[in-house]
Structures are given as structure tokens and as C-alpha cells.
Amino acid sequence: MEPLHPLPLEALPALPPLALAVVGHVEMVSFIGVAHLPAAGEILHADDFCELPAGGGSVVAVQMARLTGQRLPFFTALGNDTIGRRAAEALEGLGLELHIAWRETPTRRGITFIDAGGERTITVIGERLMPTGTDGLPWQRLAGADGVFVTATDAGGLRLARRARVLAATPRVRLPTLNAAGVSLDALIGSATDPGETYSPGDLDAAPRLRIGTEAERGGVLDPGGRYAAVPRQGPVLDAYGAGDSFAAGVTTALAAGWGLQQAISLGAHCGAACLDGRGPYASQLRLRRR
């Protein structure tokens, strides 16, 4: 079967006004550009360094905000520490409307090496903090949402998020949590090659209506729907960090807008491809016109 090919960006319709939100996690990440990953005992010199609040939740949220041109509600948890407060300030500057459950646990950190080919290698430090359904956050906002994407919460948080018209999530929410929530997903979107995002038919009691397994430059797999192709590259990959999350943001936004599958995959593929063109997850994320 011929794979589904992404439509050109100019062939996609303008997005209507949308009420979107993200429920998920943040980590403060140090991005370090290196010629190659260090070998055991090797000392490398790096001139390319920055520190940003990142992680799947924040990357999806910022991409959605840039697609819609609106401040986007982001339900998250942060440590009540200097790093957490710095992360909150930076995320607000990136266009997010934050709803934070403050924790006494330290804010999670990460170190990401970006090699000369743009591939990222990630080490996370500390506990992944996440908002839960019992946190005193304005969860009622999700009841009127057109679309919500979830990267981290508990079963109660998932049930609250399910009040949105379209609910999508990553397998990193954890399959036992999804089963405990007893909700059905409109889309389950994750890497087909990352062991932390594996999914097989039957893993969930309520199968997702759409399962997308991404495979970077090879495109990915749709169930139902077969394979889809990636957007052809016009230049080298600068940084792969955040490309998969940007893809998920584009797909979820398009599904919330009521677009068809090819249009949704096309928007996701263009978001993922745009992210590859800049250093860090936010430097070159796609911005799209609205009606």
C-alpha cells in the first residue's frame, strides 16, 4: 500500500478559533552541542549551550500556542524551588497560561547532548512531577476544550481531561494509568522506536481510535491507516529534540479543528520538520495562520 504523503503546508486550511490545553510535565534541560557523544573517560569542549524548560508537556503546549496564536492553558507541576520558578517564568514568556501544582520535591532536570548530526541523547535527573486530579487546579476549563493533549497525570487527571471533545496522549502517561482511568483516547501518539513509548494492540482495555507510531525521517505508522511519509528535508537536521512532541501538537490541533486524517498528519509532519531546523525545541516551531 502506498504510504500517506503529507500535503503541502499551503494546501492546508486555516485553523478556526480553538480552545486547546495541555496536561503534562516539565523539566529544566541543559542543551549541549557536541561533535559526538563522549566516550568513556573522554573530555569534550562545547561552545553551544543553553538551558530551557522543556519535556514533552511544555514542547507540545508551546507548539499549540504558536499554531493558534493564543496563550495556551498548561496544567503542570513544578518543584517549589529556584529552578521551578525560573521554568515558570520562561514558559509564561513562551506564550503559556500556567496552572501549576507546586511540589516540595525538586524540579526535575535533564541533560541533552546534541551531536553533529542533530541527534539528541537525553539524561533526566530526579522524579517526573505531574499534576493530579486532586490538585486544586481549574480543571473545569477542560470541559469546554476542543482538544487536550496529556503527557503526564494520574487516572483522575485523565478522567477530567476526557471531558474535552478530543483527547490525545503519549504512551509515556503509562499504560497502567490509562487503563486505571477507564477512558478512551481519540489518539495515542508516540515513538514507534522508543522503548519508553511502546504500545501493542490489546495493551489498553479501551483501544485508542487512532494510534500513531512515529519513526523520524521514515515517517511512521497509523492504526488504522497504514504508513505515512515524512516531509522531505531541504537541509541538515540541527536538533531532533522536540520534533516528536511538535508532531503530536500539530496532529492534536488538527483533530480538534475537525480536519481529516491526511490533513492532521500533514500538519503534524510539518510541525515536526520545522522543529528540526533550530537549536532547542522552540527556536523554529511552526506558526500557522488562523481564520
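Start with A87. Is A87 buried or exposed? A87 has a relative accessible area of 0%. The cut-off for buried is under 20%, so A87 counts as buried. Keep in mind that this is a predicted model.

Where is A87? A87 sits in helix α2. Which residues does A87 touch, leaving aside neighbours within four places in sequence? The contacts are V26, M28, P53 and L78. Now look across to E51. A87 and E51 are 36 residues apart along the chain. Their C-alpha atoms are separated by 9.8 Å.

How many of its residues are buried? Seven of its seven, so β2 is mostly covered. In a regular strand, side chains alternate between the two faces of the sheet. Check that on β2. E27, V29, F31 and G33 point one way. M28, S30 and I32 point the other way. All of these are buried.

Now the partners of β2. On one hand there is β3. β2 and β3 pair in the antiparallel sense over seven bridges. Find S30: its bridge partner in β3 is E51. Then there is β6, residues 109-114. β2 and β6 run parallel, joined by six bridges. Here G33 stands opposite I114.

Pick out V29 next. V29 lies in strand β2, residues 27-33. V29 has 2% relative accessibility, so V29 counts as buried. What does V29 touch, not counting residues up to four places away in sequence? The list is C50, E51, L52, A54, G110, T112 and Y241. Take A54 from that list. V29 and A54 are 25 residues apart along the chain, and their C-alpha atoms are separated by 6.1 Å.

On to another set of strands. Strand β8 covers residues 147-150. G147 and F149 point one way from β8, V148 and V150 the other way. All four of these residues are buried. β8 pairs with β1, residues 20-23, in the parallel sense. There are four bridges between β1 and β8. A21 stands opposite V148 in β8.

β8 also joins β9, residues 166-169. Again there are four bridges, and β8 and β9 run parallel. V150 has A169 in β9 as its bridge partner. What sits between β8 and β9 in the β-α-β unit? Helix α3, residues 155-161. Together β8, α3 and β9 make a right-handed β-α-β unit.

Last stop, the helix pair. Helix α5 is residues 243-256, and helix α6 is residues 261-275. The two pack at an angle of about 150°, with their axes 7 Å apart. Angles over 145 degrees count as roughly antiparallel, so α5 and α6 are roughly antiparallel to each other. Their crossing is right-handed.

Which residues meet across this pair? From α5, the residues are A243, S246, F247, G250, V251, A254 and L255. From α6, they are A264, I265, L267, G268, A269, C271, G272 and C275.

One more residue in α5: T253. At 0% relative accessibility, T253 counts as buried. What does T253 touch, not counting residues up to four places away in sequence? T253 touches L15, L18, L20, M64 and L67.

That's my tour. Over to you for comments.

Terms used: Residues numbered from 1 in each chain as written. Predicted model: local features only at pLDDT ≥ 70, side-chain atom pairs only at ≥ 80, totals over all residues. Heavy atoms only, no water. Buried < 20%, exposed > 50% of the residue type's maximum accessible area, 1.4 Å probe, protein only. Pairing = 2+ DSSP bridges. Right-handed = clockwise from strand over helix to strand, strands pointing away. Contact = heavy atoms within 4.5 Å. Axes fitted to C-alpha atoms, helices over the stretch in contact; angles between N-to-C directions. Parallel < 35°, antiparallel > 145°, perpendicular 65-115°, else oblique. Left-handed = near helix turned anticlockwise from the far one by under 90°.
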